[in-house]
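Subject: Structure for you to look at

Hello,

Here is the structure I said I would pass on. Please open it beside this email and follow along; my notes come after it.

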Amino acid sequence: MKCYICAEEGKSTDAVAICIVCGMGLCMDHAIRQETELWTGGYPFPAEKIDETMPRILCKYCAMALKKGAPKGG
Amino acid sequence: MVSLMKRSVAELIGTFILVFFGTGAAIVTLMISKGQTPPNSFNIGIGALGGLGDWLAIGLAFGLAIAACIYGFGKISGCHINPAVTIALWSVKKFPSRDVAPYVVAQLIGAALASFALAYIIGMGAVTTGGLGATAPFEGIGYFQAILAETIGTFLLMLAIMGVAVDREAPPGFAGLIIGLTVAGAITTLGNITGASLNPARTFGPYLGDLVLGGTNLWANFPIYIIGPIVGAVLAAFVYNYLSEETV
């Protein structure tokens, strides 16, 4: 699989990852790795953030869309 | 997890809301029905307007306030808003010992503030007619009968909490609604027996308010509302754990 974004730019680069949202193939330069916080608990226990985070790979388009659509506050 | 101070403040506000709206409904019911002569001492006014429907309305005022608090504060403090629930969770090692006293103190302060707020907003009629919504055994209900009734009522409440919230397999999102409705149902049945406290803090607030503001001194009944709810809640927690434990 080739990197979709590189292909858009007229280049041919092997993909090393896939966007978890849209499935786009991504090269190392265009893959965005985000760490997602994990929480445990909730009624009747106080919620607690655990030390581990869950990684996810996104393309720049999905990363931007998720950032804009993220709930306010928290 | 947020600090113990913030969690205690959440418990204080949650218990304030529970007592304000719950006992507030009882006070208003007593004040509305004041004009009607109670036919006997078993009828103190609640029930004069709509029979058991009065208790259902009071129960729903408690239950819906509890549901709102659970959805609002559940993730912050756990939203116990009831010393019996805090102690029961501690008894089955689901809640740290060091946090028990701060939670219980915050719950008692929240309940007391709610009773004083009701007296301030409604006026002295809330004390003289409504008794600030204080609980006491009704005519013909003995001390131990009242303890047993409170034990059974709080057993049901804690059983619901264990099944719908503590259990890892509990479906998410339902806890507030189900627990609120459970309280409403228990109050409908037990209201005209013990006042259906199910919560030592809920009784503490009105008792303190009545004492300070010149209402009826009911403190002799307080052990009913300490022993009954705590025994019922602890029993439910242990029974649920025992019955749900899989044997190999």
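Predicted model: local features only at pLDDT ≥ 70, side-chain atom pairs only at ≥ 80, totals over all residues.

For background, most peptide bonds are trans, and most residues other than glycine have a negative phi.

B:Leu132 is not a glycine, yet has a positive phi of about 55 degrees. B:Leu132 sits in the loop between α5 (125-128) and α6 of chain B, and is buried, with a relative accessible area of 0%. B:Leu198 is not a glycine either and has a positive phi of about 60 degrees. The place to look for B:Leu198 is the loop between α7 and α8 of chain B. B:Leu198 is buried too, at a relative accessible area of 3%, since the cut-off for buried is under 20%.

Next, the helices of chain B. Helix α2 (residues 52-73) of chain B packs against α7(B) at an angle of about 155 degrees, and their axes are 7 Å apart. Angles over 145 degrees count as roughly antiparallel, so α2(B) is roughly antiparallel to α7(B). The crossing of these two helices, α2(B) and α7(B), is right-handed. Residues that make the contact include B:Trp55, B:Phe62 and B:Ile66 of α2(B), and B:Leu181, B:Ile187 and B:Asn192 of α7(B). By class, the contact of α2(B) with α7(B) has 17 nonpolar, seven polar and no charged residues.

The last helix is α9(B). How far apart should the ends of helix α9 (residues 222-244) of chain B be? With 23 residues at 1.5 Å a residue, α9(B) should span 33 Å, and its end C-alpha atoms are 33 Å apart, so the two agree. Among the buried residues of α9(B) are B:Phe222, B:Tyr225, B:Gly228 and B:Tyr240. What covers the buried residues of α9(B) includes α3 (83-91), α6 (143-166), α7 (175-194) and α8 (200-213) of chain B.

One of these, α3(B), packs with α9(B) at an angle of about 35 degrees, with their axes 8 Å apart. α3(B) passes α9(B) in a right-handed crossing. The contact is made by B:Ala84, B:Ile87, B:Ala88 and B:Ser91 of α3(B), and by residues of α9(B) including B:Pro229, B:Ala233 and B:Phe238. Sorted by class, this contact of α3(B) with α9(B) has nine nonpolar, one polar and no charged residues.

Regards

Technical notes:
Residues numbered from 1 in each chain as written. Chains lettered and ligands numbered in written order. Heavy atoms only, no water. Helix = DSSP H or I, 4+ residues; strand = E, 2+ residues; numbered from the N terminus. Expected span 1.5 Å × (residues − 1). Buried < 20%, exposed > 50% of the residue type's maximum accessible area, 1.4 Å probe, protein only. Contact = heavy atoms within 4.5 Å. Axes fitted to C-alpha atoms, helices over the stretch in contact; angles between N-to-C directions. Parallel < 35°, antiparallel > 145°, perpendicular 65-115°, else oblique. Left-handed = near helix turned anticlockwise from the far one by under 90°. Nonpolar A, V, L, I, M, F, W, Y, C, P; charged D, E, K, R; others polar.
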